[in-house]
Amino acid sequence: MRNALIPILLLLLTATAPATAADPEAGRSLHDAHCLRCHDDGVYRRSERRVEDLDGLHRQVRRCEQSLGLRWFDNQLEDVVQYLNKRYYRF
């Protein structure tokens, strides 16, 4: 009986909660309230953008969040990333 419970326990321990989808509209609100304090949206449209892929976008949003002294949760950061990607980058 004890051995039969091991696979069930392992399954329960390794199961993860379903990931929630990012909310680009919530990201837009965060972006407009915070990011536009330092720059306008022209930074996303310039031809010599620093951000070249989705990982780079995550890193840049995290840098900006930290520079502003914000303390976003991971899901808020993801919301902003998804908003920027949907609106400007399209990676």
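How do the residues of the lining of the largest pocket divide into nonpolar, polar and charged? They divide into twelve nonpolar, two polar and four charged. Here Ala, Val, Leu, Ile, Met, Phe, Trp, Tyr, Cys and Pro count as nonpolar, Asp, Glu, Lys and Arg as charged, and the others, Gly among them, as polar.

The model is predicted, so local features need pLDDT of at least 70 and side-chain atom pairs count only at pLDDT 80 or more, while totals for chains, interfaces and linings use all residues. Residues are numbered from 1 along each chain as its sequence is written, and side-chain values use heavy atoms, with hydrogens and water left out.

**The largest pocket**

The space in the largest pocket is about 300 Å³. A pocket is an open set of points on a 1 Å grid over the protein atoms alone, where a 1.4 Å probe fits, with protein on both sides within 12 Å along at least five of seven lines; lining residues have an atom within 4 Å of a point. The volume is the space filled by probe spheres set on the points, which are joined across faces, edges and corners. The lining has 18 residues, and His39, Val43, Tyr44, Gln60 and Cys64 lie nearest the centre. Helix H3 (42-45), helix H4 (54-67) and helix H5 (74-89) are the elements that give two or more residues to this lining. H4 gives the most, six residues. Helices are DSSP runs (H or I, at least four residues), numbered from the N terminus.

**Cysteines**

The structure holds zero disulfides, a disulfide being a pair of cysteine sulfur atoms within 2.5 Å. The sulfurs of Cys35 and Cys64 are 6.3 Å apart, too far for a bond. The table gives relative accessibility, where buried means under 20%, exposed over 50% and partly exposed in between (1.4 Å probe, protein chains only).

| Residue | Relative accessibility | Class |
|---|---|---|
| Cys35 | 10% | buried |
| Cys64 | 28% | partly exposed |
| Glu65 | 4% | buried |

The largest nonpolar core has 15 residues, and Leu57, Val61, Trp72, Leu84 and Tyr89 have the most contacts inside it. Such a core is a set of buried Ala, Val, Leu, Ile, Met, Phe, Trp, Tyr and Cys residues joined through side-chain atoms within 4.5 Å. H4 and H5 each supply at least two residues of this core, and the largest share, seven residues, comes from H5.

Leaving aside neighbours within four places in sequence, Leu84 is in contact (heavy atoms within 4.5 Å) with His31, Tyr44, Leu57, Val61 and Tyr89. Glu65 lies in helix H4.
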